[in-house]
Amino acid sequence: MQLLGFAGFVFPLGNILAPLILWLIKRSDSPYLDRAGKEAINFQISYTIYAVVAGLLCLVLIGLLLFPILFVAWVVLMVVAAVKTSNGEEYKYPFTIRLLQ
């Protein structure tokens with residue numbers, strides 16, 4: 001679920017919809033998958049909001065600096081989360097709005 005954020009490159013909002021669909025299918029299999037799925041969805045929603053804000057800030061040129069930083073953080077944090085969760089560790093993304101509890 002952690003790496004399904006890359007689905008956003010394939011179809012619009014795929015970064016949110018792909019982990020959401022997998023989470024809805026697998027959440028009843030184990031509490032660990034339920035927590036990991038919620039965390040991945042919260043992360044993708046949060047970073048989509050941050051990207052929209054950065055896009056708006058492009059009007060005042062600040063967003064031009066924020067977009068690359070945001071993109072690198074998005075990729076690195078997804079890879080770190082994938083490695084940690086594949087090892088069975090709990091991972092909490094930093095700077096994530098926890099919409100799903």
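A residue is called buried here when its relative accessible area is under 20%, exposed when over 50%, and partly exposed in between, using a 1.4 Å probe and protein chains only. By that rule Tyr93, at 1% relative accessibility, counts as buried. The structure is a predicted model, so local features need pLDDT of at least 70 and side-chain atom pairs count only at pLDDT 80 or more, while totals for chains, interfaces and linings use all residues. Residues are numbered from 1 along each chain as its sequence is written, and side-chain values use heavy atoms, with hydrogens and water left out.

Tyr93 is placed in the segment after α3; helices here are DSSP runs (H or I, at least four residues), as strands are (E, at least two), and both are numbered from the N terminus. What does Tyr93 contact, leaving aside its neighbours within four places in sequence? The partners are Gln2, Glu39, Ala40, Phe43, Leu77, Met78, Ala81 and Arg98, where contact means heavy atoms within 4.5 Å.

Asn42 itself belongs to helix α2, which covers residues 31-57. With a relative accessibility of 1%, Asn42 counts as buried. Beyond its neighbours within four places in sequence, Asn42 is in contact with a run of residues: Thr96, Ile97, Arg98, Leu99 and Leu100. One of these, Leu99, is found in the segment after α3. Leu99 touches Asn42 and also Ile45, when residues up to four places away in sequence are not counted. Leu99 also lies 8.8 Å from Ile41, C-alpha to C-alpha, with the two 58 residues apart in sequence.

Attention now turns to how the helices meet. The axes of α2 and α3 are 9 Å apart and the two helices pack at an angle of about 170°. For reference, axes are lines fitted to C-alpha atoms, for helices over the stretch in contact, and angles run from 0 to 180 degrees between N-to-C directions. That angle makes α2 roughly antiparallel to α3, a label for angles over 145 degrees, while under 35 counts as roughly parallel, 65 to 115 as roughly perpendicular and the rest as oblique. From α2, the residues that meet α3 include Tyr32, Phe43, Tyr47, Tyr50 and Ala54. On the α3 side, Leu66, Phe67, Leu70, Trp74, Leu77 and Met78 are among them. What is the make-up of the contact of α2 with α3 in nonpolar, polar and charged residues? It divides into 15 nonpolar, four polar and no charged residues, with Ala, Val, Leu, Ile, Met, Phe, Trp, Tyr, Cys and Pro taken as nonpolar, Asp, Glu, Lys and Arg as charged, and the others, Gly among them, as polar.

Aromatic side chains deserve a paragraph of their own. The structure holds nine aromatic pairs, a pair being rings of Phe, Tyr and Trp (its six-membered ring) whose centres lie within 6.5 Å; planes under 30 degrees apart count as stacked, over 60 as edge-to-face and the rest as tilted. The rings of Phe6 and Trp74 form an edge-to-face pair, because their planes stand at 70°, with the centres 5.5 Å apart. Since Phe6 lies in the segment before α1 and Trp74 in helix α3, this pair ties together parts 68 residues apart in sequence. Phe6 is partly exposed at 28% relative accessibility, whereas Trp74 is buried at 12%. Trp74 also forms a tilted pair with Phe71, at 5.9 Å centre to centre and 40° between the planes. Phe71 and Trp74 are three residues apart in helix α3, which means that about one helical turn separates them. Phe71 is partly exposed, with a relative accessible area of 43%. Elsewhere, Phe43, Tyr47, Tyr50, Tyr91 and Tyr93 form one aromatic cluster.

A charge and a ring also come together: the charged end of Arg27 sits over the ring of Trp23, 4.8 Å from its centre. The criterion is NZ of Lys or CZ of Arg within 6 Å of the ring centre and within 35 degrees of the ring normal.

Leu13, in the segment before α1 (14-26), has a positive phi of about 60° although it is not a glycine. Leu61, in the loop between α2 and α3 (62-86), has a phi near 70°, again positive in a residue other than glycine. Is Leu61 buried or exposed? Leu61 is exposed, with a relative accessible area of 59%.
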